[in-house]
Amino acid sequence: MTVHETAVPTDPTGGRPVVPSRSRHRPLGLGEISLGPGFWRERQEANASATLQHCEDWMERLGWLANFDRVAEGTTGPDRPGWCFSDSEVYKLLEALSWEYGRSGRPDADEAVRRITERVGRAQDGDGYLNTCYGHAGRPPRYGDFETGHELYCTGHLLQAAVARVRTTGPDALVEIARRAADHVCDTFGAGGTEALCGHPEIEVGLVELGRALGEERYVEQARLFLDRRGHGTLREDRVPLGGAYFQDDVPVRAAHAWRGHAVRALYLSAAAVDLAAEREDRELLTAVERQWEHSVARRTYLTGGMGSRHQDEGFGEDWELPADRAYCESCAGVASVMVSWRLYLSTGDVRYADLMERTFFNVVATAPSADGRAFFYANPLHQRVTAGAPDPGTVSPRAEGGVRAPWFDVSCCPTNLARTFATWHAYAASVGDGGLTLLQYATARITADLGGGRVLGVEVETDYPGDGLVTVRVTDPPPGAAALRLRVPSWARGAVLEEGGRRRPVPPGVAVVEREFSGGEEVRLRLPVQPRFTWPDHRVDAVRGCAAVERGPLVYCAESIDLPAGVDLDDVLVDPSAAPVDRGGRVLVRATAGPSRTAGRDWPYGEATGRGGAGDPFDLTLSPYHQWAERGPTTMRVWLPADRG
């Protein structure tokens, strides 16, 4: 398999979140694909109509936007509200608004970008430096705390906001602000300048993508410098006494075998590494990230696709350290995981990366926001032992973890990260490469894909996925000559069937390919087996040994106490794996019992095995999609259920 086979010209109006200069597959632009009714468009509409304004309102209320006004007015002081990285949330909101305007053309999104950009721009210093926490009267000096100051992290998100703007609207005031900020970073930290790096990776991915968007090789080179400086113990561990791994400053990126430390930092860094590998045709660097992905997905990733098992550092644990009740699985880590896997897919064409994206989309990204788009999970555990109190819609949550979605957090990185992801979800649904169009994520959609050489392939996709496994692809605009239509068959979809040209054939997990000359109006159908199934953990995952989970298609399911019979505690429930789970209109029934523990005595949680004597009568336990948990109110919850094997 050859990497970097196709040169991809930068299209400033294409609206693609990621545009490698060279890659095996080309991402579709926002104008090449539009979603129809279904799971993901519902979430995009909630994001557009509620989440974006919700985020702006909270940042206005808490003074995070006013921080820019105070810098412009010269009224800064020690009473600045928000964490040192609150500027980054403003920039992620600008990015989300820009992508939303590119997706839907909503005038209010464009108006919001212009309104917020004006306030941001007034706070920029003459040399391009832009930060409301440092470098002004009554505030700490610039660049005095690379470990926890987040100055370059914030700048990275500013650059990504500008990328969204230039690719959806064209150069404007926001893009000029970002260009001046990027020039300042290069002048300060480039060759011959300050040899430092930021404790939270992000500037790297922002520099590469802005360099691509504006054709500025200088920005790409600065990202390379930052990447190569990391892993040599530059950052001071005494600032955050969790070790160099917390910052990914213990081992160079090229030498690491697994993701470690703070999960979001590790994944943002890896996304930048793949970007650099694509720009510089650096096979060694790409291989390093592939190796880290393989090891970490196989041993350090939750069933939901969630990443990060430790609360103390929001980070990865050791191999097989995947406790369900203490899972951190930060929503931002889910977004960052998608960022890495998407870039790896574009470079290699390997659909296992799209498989993980699907799992993460449905079970982390879709889980985090409430249905109305105005409350969010920060952490996403797989087991909630205690029913949480109902959230106060007017109160900031001081804790990342909790059993209910909160309207806002003291550290509110997740709402804006989710907002920019929902606004661009359909851009991850398909790609062009290997001689045709590849469908990667399934949703009702209309696609008009430029195959290159003046050839266009237009299709309509109809599906109720994940509710139903039938995906119908109707050719509306066939290109001249032969072309390839490629459909991803998920790794769980054993027994999938492809129907085309009056023929049916089984297709294994991977990619189902139809390559020939197409006619307008003809259909290709993929039937995916979405019946519910039991899933078992590797025996080395000690925390859930002896438990089973239930999945249906790409969805992970969970049990909630709200669905239990009266008098039954969720901690006492055991499922019967000899009885197959049954589909009930999107929910699933499993056979279960409840009774005393397997150990003797109630005053000590250990003892001799006593079997299941005294277990209650079997009953049908209703399971719901994990992404819906706590939507009906506070509840206890389990994904992994102890299995009664007699």
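## Gly334 in helix α11

Gly334 touches Thr360 and Val364, leaving out residues up to four places away in sequence. The model is predicted. Gly334 lies in helix α11, which spans residues 331-348. Gly334 is buried, at a relative accessible area of 2%.

Phe361 sits 27 residues from Gly334 in sequence. In space, the C-alpha atoms of Gly334 and Phe361 are 7.8 Å apart.

## Helices α3 and α5

Helix α3 covers residues 86-104, and helix α5 covers residues 151-168. Their axes come within 8 Å and cross at roughly 15 degrees. Angles under 35 degrees count as roughly parallel, so α3 and α5 are roughly parallel to each other. Their crossing is left-handed.

On the α3 side, the contact is made by Asp87, Ser88, Tyr91, Lys92, Leu94, Glu95, Ser98, Trp99, Tyr101 and Gly102. On the α5 side, the residues are Tyr153, Cys154, His157, Leu158, Gln160, Ala161, Ala164, Arg165, Arg167 and Thr168. By class, this contact has nine nonpolar, six polar and five charged residues.

## His426 in a loop

His426 is placed in the loop between α13 (413-423) and β6 (430-433). His426 is buried, with a relative accessible area of 3%.

The side chains of His426 and Gln44 are joined by a polar contact of 3.0 Å. Gln44 is also among the residues in contact with His426 once neighbours within four places in sequence are set aside.

How values were computed:
Residues are numbered from 1 along each chain as its sequence is written. This is a predicted model: local features need pLDDT of at least 70, side-chain atom pairs count only at pLDDT 80 or more; totals for chains, interfaces and linings use all residues. Side-chain values use heavy atoms; hydrogens and water are left out. Axes are lines fitted to C-alpha atoms, for helices over the stretch in contact, and angles run from 0 to 180 degrees between N-to-C directions. Helices (H or I, at least four residues) and strands (E, at least two) are DSSP runs, numbered from the N terminus. Angles under 35 degrees count as roughly parallel, over 145 as roughly antiparallel, 65 to 115 as roughly perpendicular and the rest as oblique. A crossing is left-handed if the near helix is turned anticlockwise from the far one by less than a right angle, and right-handed if clockwise. Contact means heavy atoms within 4.5 Å. Ala, Val, Leu, Ile, Met, Phe, Trp, Tyr, Cys and Pro count as nonpolar, Asp, Glu, Lys and Arg as charged, and the others, Gly among them, as polar. Buried means under 20% relative accessible area, exposed over 50%, partly exposed in between (1.4 Å probe, protein chains only). A polar contact is a pair of N or O atoms within 3.5 Å; within protein, one must be able to donate a hydrogen and the other to accept it, and residues adjacent in sequence count only if both atoms are side-chain atoms.
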